Amino acid sequence: MGTFVTFEGIDGCGKSTQIKLIVAALRELGANCVCLREPGGTAISEKIRALLLDPQNMEMRPEAELLLYEASRAQLVRQVIEPALKTDSVVLCDRYFDSTFAYQAAARGLSEDVVRTANELGSCGFVPDVTIVFDLDVEVALQRATRGGADRLEAEGVEFQRRVREGYVRAAELEPDRILLVDADGTPEQVFGRLVETLSLALPMLNSLDVASFLSRQADLERVMADIALSLSEDAQDA
Ligand code: TYD
């Protein structure tokens, strides 16, 4: 049986950089990693993603948005996550159903019960073994997130992101064994150190990682990022 790890946080929390680093580290330790992102990760899910993130789709209603996220997820779970978990892979997913709890319930205002029920359906009952929430001040995160131009959700602004953050904190309070907060304030290297420490509870192989030496070997961080971004999109195409 594989291990299912999901990563969460408000827009601009630095999640993508950390996922790329942890994948590089796990692969170096010999783990078989499957890297995915939501919404997306299959051909059908990527089409749904384009609909969801298109800034022109401002008229999209919360219920339609919820169901599109769940449709994208169900396809990803059945087509990719379920088969991968039957092997000894580490499945790492950039966002999963806690995003729906934070964005569609806490921030958008849909009822928690409705979102929980929808999440059960969309996830086909697959619950992560561990979920990391990168926790960061909203203003700092939003500055980072909108540097390259805002997508439809990022364009919602500070108040929306504040509610998203509160949603994550609430989710972590409800499920403290599964959902672990990592302080995302600091340099990528500092945050990575915290991530490895937290994640080693679920992935004990990380205990043997020499973080300082690993990071020093990532001297050309940009190149590593580009390589992994490439393999992420290849994973999506293979799916
Ligand atoms: P993306 O550009 O992938 O953002 P990030 O790099 O921050 O993950 O866009 C995904 C957006 O979709 C992000 O704003 C969060 C939002 N989202 C939801 O609102 N509900 C969900 O269930 C999921 C998975 C994502």
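Q: Which residues of helix H6 are buried?
A: Keep in mind that this is a predicted model. Helix H6 runs over residues 138-145, and its buried residues are Val 138, Ala 141, Leu 142 and Ala 145.

Q: Why do they end up on the same side of H6?
A: The general idea goes like this: an α-helix has 3.6 residues a turn, so residues three or four places apart point the same way. Here, the buried residues of H6 cover an arc of only 95° around the axis, which puts them on the same side of the helix.

Q: What do the buried residues of H6 pack against?
A: Their packing partner is helix H7, residues 158-174.

Q: Which residue caps the N-terminal end of H6?
A: That's Asp 137, with a side-chain oxygen 3.3 Å from the backbone nitrogen of Glu 139.

Q: Now the ligand. How many residues surround it?
A: There are 15, and the closest are Asp 11, Lys 15, Arg 95, Thr 100 and Gln 104. By kind, the shell splits into eight charged, four nonpolar and three polar residues.

Q: Where do side chains come within reach of the ligand's oxygen atoms?
A: Look for N or O atoms in the side chains. Lys 15 has one 2.7 Å from a ligand oxygen, Arg 95 has one at 2.6 Å, and a polar side-chain atom of Arg 73 lies 3.1 Å from a ligand oxygen. On its own the ligand has 540 Å² of accessible area, and the protein covers 90% of that.

Q: Which helix gives the most to the shell?
A: Helices H2, H3 and H4 each give two or more residues, and H4 gives the most, with four.

Definitions and conventions
Residues numbered from 1 in each chain as written. Predicted model: local features only at pLDDT ≥ 70, side-chain atom pairs only at ≥ 80, totals over all residues. Heavy atoms only, no water. Buried < 20%, exposed > 50% of the residue type's maximum accessible area, 1.4 Å probe, protein only. Arc of directions from axis to C-beta. Contact = heavy atoms within 4.5 Å. Polar contact = N/O pair within 3.5 Å; in protein donor to acceptor, adjacent residues only side chain to side chain. Near = heavy atom within 4 Å. Areas by Shrake-Rupley, 256 points an atom, 1.4 Å probe, with all protein chains shown as cover. Nonpolar A, V, L, I, M, F, W, Y, C, P; charged D, E, K, R; others polar.
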